[in-house]
Amino acid sequence: MVERHLWGAMVVLPPRHDPLPEDTEARLTDFTELVATAIANAESQEARAVLTDEQAALRRVATLVARRVSPDELFARVAEEVGALLGADITTMVRFDRGGRAELVVAAGTEADATPAGTTWELEEPWPTTVVWQTRRSARVDDDGDVSGRAAELLRRAGVRSSVDSPIVVEGRLWGAMVVSSRDEPLPPGTEGRMADFTELIAVAIANAEARTDLRRMVEEQSALRRVATLVAQADPPSLVFEAV
């Protein structure tokens, strides 16, 4: 028993067919308690190491967000960080459009260039990215036989069997999804939750970039309006005003 959970069992077998002593169970208990302590310590150390790595990766991504690096650079770095942290073979980011299509924004990992950025496909079922688009919730597939259509072709071309998709929600609207994929074993339970912290940082960066774009557009528009207003105030010929507009 490791921290009140049944972890396994210790089994002893006699060298001959003779029965074991009657106190064998009690004597084994002392050993299993020591084994349980060792397992708990090892799992605690492993959990701390995982948490430390995760927090370090989050800090690096948060630093990039604070520096306001370009979205392309941020997406590429986040894909690399998440892939390394979760042990994924391929990490991708997709963006949704209103017509029900997904566009590959960035990919990182082994043979990630098999599908170039800008590739688009229809959001079809059954497919975890489609589930994200429909429900705004994380989704996974652990068997490549569970998917079909164009998206399935892309998966099989990359040799992917298992993937987990996590939504990227920017200021209340579904922007896209981050996808981690494995070629061999299914991704571990809890992957969805660990991805959420990264997608939140991505959402902040996207919102900041869009806000800067909107602000720049507003400044340019106000400048143009002032120029036109100046021409009107100067009673310039209509042709000059039309040209300025």
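Predicted model: local features only at pLDDT ≥ 70, side-chain atom pairs only at ≥ 80, totals over all residues.
Local features need pLDDT of at least 70, side-chain atom pairs count only at pLDDT 80 or more, and totals for chains, interfaces and linings use all residues. Residues are numbered from 1 along each chain as its sequence is written, and side-chain values use heavy atoms, with hydrogens and water left out.

**Sheet.** Select the six strands of the open sheet, ordered S3-S2-S1-S6-S5-S4 with antiparallel pairing. Strands are DSSP E runs of at least two residues, helices are H or I runs of at least four, and both are numbered from the N terminus. Two strands pair if DSSP finds at least two bridges between them. Go to the edges: S3 (120-122) and S4 (139-141) each pair on one side only.

Next, S1 (residues 90-96). Seven bridges join S1 to S2. Pick Val94; opposite stands Leu104 in S2.

**Largest core.** A nonpolar core is a set of buried Ala, Val, Leu, Ile, Met, Phe, Trp, Tyr and Cys residues joined through side-chain atoms within 4.5 Å. Buried means under 20% relative accessible area (1.4 Å probe, protein chains only). The largest core has 33 residues; Leu74, Phe75, Met93, Ile168, Trp175, Val180 and Ile202 touch the most other members. Elements giving two or more residues include helix H2 (71-86) and helix H5 (191-233). H5 gives the largest share, eight residues.

Now centre on Trp175. Beyond its neighbours within four places in sequence, its contacts (heavy atoms within 4.5 Å) include Phe75, Met93, Ile206 and Glu210.

**Second core.** Finish at a separate core of 11 residues, including Val94, Leu104, Trp121 and Trp127.

Conventions. Buried < 20%, exposed > 50% of the residue type's maximum accessible area, 1.4 Å probe, protein only.
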